[in-house]
Amino acid sequence: MALTLASILAGLGLFFVGKDLLTSNLRNMVGRSVQLILSRVAAYPMLGLFWGAVLGAMIQSTAIVTFILVGLLTARMIEPRRALPILMGGNIGSALILLLVTLDIRIVIMLALGLTGILLTQTRLQHWKAALSAVFGLCLLYYGLVLLKAGTIPLAQSDSVIALMAGLDGSLAAAFLIGAALSAACQSSITVALLSIGFLGSGLFNFEQAMLVVYGTNLGSGIVTYLLAGGVQGTARRMALFQLSFNLTGCVLLLALFVAEHSFGVPLVMALLRTVSSDIAQQLALSYLAFNSVTALFLFPLIGVVEKLLARRCPASPLESDSQLAYLSPEAARDPATAILLIEKEQLRLLERLPRYAELLRQAETPARKARLEALHKAFVSVHGQTKPYIAGLAEGDLMADDHERVYRIVGRHDRLGSIEAVLHDFVVAAPLLEGSAALASLREALTEGLDALLLSYVEAMAGDDPEDMALIERITGDRSDLMEGVRRSFLSDAALSLGRDEKMGLLQLTGLFERLVWLLRDMALKAPFEAGTRPALEAAAE
């Protein structure tokens with residue numbers, strides 16, 4: 001019994017480590033090329049279903065498929081309605097691992113495990129590390145399932161388990177609930193489905209009970225997916241809700257077919273499985289595949305209705321809208337001249353968010369203010385990051401001679417926008433250090449008002465069409481190092497003031513950040529300005 005439990009525990013450990021290796025490395029490997037392929041095939045639902053199945057079969061994880069789709073939805077590279085067929089296909093493809101385990105390919109897996117392990121130690125192959133680690137993880141996952149399968153048979157033959165199952169008295173409903181509960185507990189439907197294969201092989205379950213355990217695993221995993229997404233809103237939650245709906249629909253459909261076949265003798269799923277394979281373990285693995293396939297085929301014609309219901313239940317949150325690209329998309333950015341215009345439009349949109357940080361400085365330090373600051377920061381970083389691949393893509397297009405200088409400014413402006421936002425974020429984070437200081441209250445107020453006026457004037461001038469405004473910006477963003485140094489010295493050397501540790505730290509941080517911010521604003525204005533009349537030009541282009 002000790003060896004049996006050790007085999008099961010080792011199998012679970014290898015399975016979860018392998019799954020983690022596979023998931024993390026494939027997430028790192030998902031680049032823009034994969035996203036572009038999915039965004040293109042998503043225009044055709046049947047292709048989306050097919051390539052979703054291919055993707056799910058390759059990575060064996062609906063979680064990664066969901067991760068990719070959420071990224072595409074956030075970047076406006078795909079519409080929510082187009083994402084659903086891909087997720088359906090991902091469910092079908094990810095069910096293939098159970099069928100693979102029923103095949104005796106241990107020699108192939110062990111050879112692949114050893115070879116990838118050796119290659120991972122070679123420093124000259126570091127650029128292949130992510131791919132090799134993903135393959136290594138897949139091999140560990142498979143080998144863990146093999147160990148798990150080997151351990152379930154003697155476990156099922158133990159007296160305690162036999163007594164427990166005897167108490168169920170062959171109940172089909174209990175088998176379904178056991179599958180759902182175990183899947184929710186270990187957060188892996190495949191693991192529980194594999195256990196049912198072991199129990200079936202030992203004679204502990206009959207085929208119908210094992211089949212209902214498999215159906216129950218899908219219900220449990222769907223519930224867990226939805227619960228784990230409880231902290232997210234909008235599109236991400238919509239995908240989790242769809243996964244739950246997919247599994248619930250599958251349970252209703254397959255249970256109805258099961259009742260018709262079991263109670264009335266109508267040859268349906270079980271009859272088909274016996275026709276396809278004579279191996280009882282493969283039949284059960286195929287039932288897992290049939291669950292996802294039948295559900296996908298049923299829901300496929302109803303995609304439009306399902307998407308509307310999901311959108312009504314989980315509308316896009318304001319934070320999600322702020323985190324998305326507003327103008328750029330793969331189709332719109334195919335022409336380099338159009339891409340330049342749309343990238344500048346996104347950059348102007350980011351620039352116009354900067355005064356919001358000064359608005360937060362006027363608010364008292366509360367958890368709500370912290371939440372608003374982090375939401376603003378995450379949304380800025382999201383849009384800034386999503387714009388980068390389009391900027392990199394400009395170098396691959398056929399640019400006109402006059403466009404090269406403009407692209408150079410776009411690249412420089414984007415880097416500077418990221419640096420400016422980071423300094424502003426740090427400034428707002430550090431501001432509470434002076435909030436309760438009576439001695440430095442006037443300084444904090446002066447910095448807040450000065451920053452607010454500076455940002456408002458700066459944004460207006462950078463995208464405007466008035467040379468006088470730009471001349472004003474050059475004057476007000478002059479070198480502030482002497483001024484800030486004088487402020488620091490005057491407060492720190494004043495014997496009448498008894499500043500605490502937080503006050504001193506706040507004084508040094510805020511004046512230093514203000515000094516750096518002014519320098520960055522001036523640097524961007526001089527080296528990476530927008531074209532004259534950018535805002536009117538962009539507004540005209542949008543009409």
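Tutor: Happy to! Contact here means heavy atoms within 4.5 Å. With that in hand, S7 touches L147, L148 and G151, not counting residues up to four places away in sequence. Please keep in mind that this is a predicted model, in which local features need pLDDT of at least 70, side-chain atom pairs count only at pLDDT 80 or more, and totals for chains, interfaces and linings use all residues. Residues are numbered from 1 along each chain as its sequence is written, and side-chain values use heavy atoms, with hydrogens and water left out.

Back to our residue. S7 sits in helix α1, residues 2–29; helices (H or I, at least four residues) and strands (E, at least two) are DSSP runs, numbered from the N terminus. The C-alpha atoms of S7 and G151 are 5.4 Å apart, although 144 residues separate them along the chain. With a relative accessible area of 16%, S7 is buried (buried means under 20% relative accessible area, exposed over 50%, partly exposed in between, using a 1.4 Å probe and protein chains only).

P355 lies in helix α19, residues 355–361, and counts as buried at 8% relative accessibility. Beyond its neighbours within four places in sequence, P355 contacts L455, L456 and V459, and its C-alpha is 6.3 Å from that of D452, 97 residues away along the chain. V70, placed in helix α4 (residues 62–74), is in contact with A236 and M239 once neighbours within four places are left aside. From C-alpha to C-alpha, V70 and R237 are 9.5 Å apart in space and 167 residues apart in sequence.

Now for the wider setting. The chain has 26 helices and zero strands, and 50% of its 543 residues count as buried. Among contacts with a separation of 6 or more, 80% join residues 24 or more positions apart.

That brings us to helix packing. Two packed helices are described by the angle between their axes and the distance between the axes. Axes are lines fitted to C-alpha atoms, for helices over the stretch in contact, and angles run from 0 to 180 degrees between N-to-C directions. Angles under 35 degrees count as roughly parallel, over 145 as roughly antiparallel, 65 to 115 as roughly perpendicular and the rest as oblique.

Take α21 (residues 403–430) and α25 (residues 501–527): their axes come within 9 Å and cross at roughly 165 degrees. The two helices are therefore roughly antiparallel to each other. Their crossing is left-handed, meaning that the near helix is turned anticlockwise from the far one by less than a right angle; clockwise would be right-handed. Ala, Val, Leu, Ile, Met, Phe, Trp, Tyr, Cys and Pro count as nonpolar, Asp, Glu, Lys and Arg as charged, and the others, Gly among them, as polar.

For α5 (residues 80–94) and α15 (residues 280–299), the axes come within 8 Å and cross at roughly 165 degrees. That makes α5 roughly antiparallel to α15, and this crossing is left-handed. M88, N91 and I92 of α5 meet L289, N292, S293, A296 and L299 of α15. The contact divides into five nonpolar, three polar and no charged residues.

The axes of α13 (residues 235–264) and α14 (residues 269–276) come within 8 Å and cross at roughly 85 degrees, so α13 and α14 are roughly perpendicular to each other. L254, L257, F258 and E261 of α13 make the contact with V269, M270 and A271 of α14. Six of these residues are nonpolar, none polar and one charged.

Finally, the aromatic rings. A search of the whole structure finds three aromatic pairs; rings of Phe, Tyr and Trp (its six-membered ring) pair if their centres lie within 6.5 Å, and planes under 30 degrees apart count as stacked, over 60 as edge-to-face and the rest as tilted. F50 and W51 have ring centres 5.2 Å apart and planes at 80 degrees, so this pair is edge-to-face. F50 is partly exposed at 47% relative accessible area, and W51 is partly exposed at 37%. The rings of Y215 and F291 have centres 5.7 Å apart and planes at 40 degrees, so they form a tilted pair. Because Y215 lies in α12 (residues 207–228) and F291 in α15, this pair ties together parts 76 residues apart in sequence. Y215 and F291 are both buried.
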